[in-house]
Amino acid sequence: MMTPEIWSSLTTALARLLIFPGLLFAVPAAWFFLWVERKAVARMQGRIGPPFMQPFYDFVKLLGKDTPQRTGVGGMLMKAWPLIAVSAAAGAVGLLPVLPASGGFQGDLILLLALLELPSMCIIAAGFSSRSIFGEIGSAREAVLSVSYNVVFLLAIVSIAASQHTFSLSALAQLPASPLRWLGIAAILVCLPAKLHLNPFSLPNAEQEIYSGPMVEYAGPELAMWELSHGLEWVAATGLVATLIAPAFTLWWIAALVFVALSFVIVLLLSVTAAATARLQIDTTVRFYWQCTIIFAVLAVASALFMRLKA
Amino acid sequence: MKLWNRLMCYCRRRSPWIFHMNSGSCNGCDIEIVASLSPRYDAEQLGVRLEGSPRHADILCVTGPVTHNAVQAIKTVYGQVYGPKAVVAIGSCPATTNVFIDSRTLAGPLNKHIPVDVFVPGCPPRPDAIVLGIAKAAEILAARGSKPLVAAAEPEIVGDPGENCVSCACSSTEVQA
């Protein structure tokens, strides 16, 4: 029997996945963030940069290109990876606790982290299934990078959650700002360039060395899906930080506006960093994450333990 | 459906991703391609993106007089670009083999091997001529749509190469003749 509560939670979940902050909002936002990234890089280089609708034009054009013939299990997998990546990224955006009292459940933080990780898993798998040497190098780099930054990324988020005894995103988003939370946010921000493949950590898709890495064999609609999943990753990753920074509002439209504005600022910050830096070598990157930023993670875990002991 | 086709045509014109291929060029034209993406000429305003993989590209930009070694590579790369696609021959070399004419190491000009849509003559051509050539190719590409590939009946020739032809001091008409 379907009780009214189940129906209402089901409609809330569908509205979050499909309307706000889900697909209806996230897809235009993804294109907007991709444009902001390119425009910011262009302005930093003294250029004018692409027109506002450029990512949309690119997406539609790619949909209209010929589709590569793919046969066998490998071909089916290659077709599946971009779709899995897009749906995982869209699901991650749908889980963000943007609006007050929008539902959510105990443990949705863990689901969000898993969904955020899935696109990069798909990228790794896609590079290896393409059987291109450049794709395989790119995938190996993505795997190494993912092992490096995720230590800091996950420890930071988990220590914020553990200090408050909750794995529910909406509960975390409504917490008052504390030094531990700012430490965690700083650690997450350091990890975002690697998660989004931006300079100085744009190793997996290094155009000048390994063409486009794992994407090298993709064309047409499949490439359009990869572009879209990259854009949705932008929305999800910046949105996660935005919800952690934003104070709790009771009015839904103020909450939505603050969320969009904060995401925009973070996108701008990351793009400017990307334009101002050059790509590091893979060993330098790994050393950076394992030796330099691990201090954030240690501090975050230590202060989480301290807060637990005090409470 | 008609609306979708018009939108597709519009988007194709505004999003030409290029792949740059050197078929034995002296690197002069290659530098000018990079210059056309630089702050002064900024081809990204037209949506141009230099892609690392021919699979991602719409427009193949070929420089150089097509040496024997490059012929097979050009054909392979041309096949790797998914349709609809267009080819821009950049510089006087792919158009006529330029000063290397009658050399036994060459198999040029380029349109003996793949259909060329736009010629941008010059030695090297100016970056604004290259940008114009890419824009013309994007228009051809949009008009061609997903119809099976046919070479443009009359390839476009853009730019005025005569004034800065450094290696042979030829004029544009001579290069074409």
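Which residues of helix 13 of chain A are buried? They are Ala297(A), Ala300(A) and Ala304(A); buried means under 20% relative accessible area, exposed over 50%, with a 1.4 Å probe and protein chains only. This is a predicted model: local features need pLDDT of at least 70, side-chain atom pairs count only at pLDDT 80 or more, and totals for chains, interfaces and linings use all residues. Residues are numbered from 1 along each chain as its sequence is written, chains are lettered from A and ligands numbered from 1 in the order written, and side-chain values use heavy atoms, without hydrogens and water.

**Helix 13 of chain A**

- An α-helix has 3.6 residues a turn, so residues three or four places apart point the same way.
- The face turned away from the buried side carries exposed Leu305(A), Phe306(A), Leu309(A) and Lys310(A).

**The largest pocket**

- The largest pocket has a volume of about 1,600 Å³.
- Of its 44 lining residues, the closest to the centre are Glu37(A), Asn205(A), Glu207(A), Arg49(B) and Leu50(B).
- Helix 10 of chain A gives the most to the lining, with six residues.
- Elements that each supply at least two lining residues include helix 2 (23–44) of chain A and strand 1 (17–22) of chain B.
- By class, the lining has 20 nonpolar, 13 polar and eleven charged residues.

Notes: Helices (H or I, at least four residues) and strands (E, at least two) are DSSP runs, numbered from the N terminus. On a 1 Å grid over the protein atoms alone, a cavity is a set of points where a 1.4 Å probe fits but cannot get out, and a pocket is an open set with protein on both sides within 12 Å along at least five of seven lines; lining residues have an atom within 4 Å of a point. Grid points are joined across faces, edges and corners, and a volume is the space filled by probe spheres set on the points. Ala, Val, Leu, Ile, Met, Phe, Trp, Tyr, Cys and Pro count as nonpolar, Asp, Glu, Lys and Arg as charged, and the others, Gly among them, as polar.
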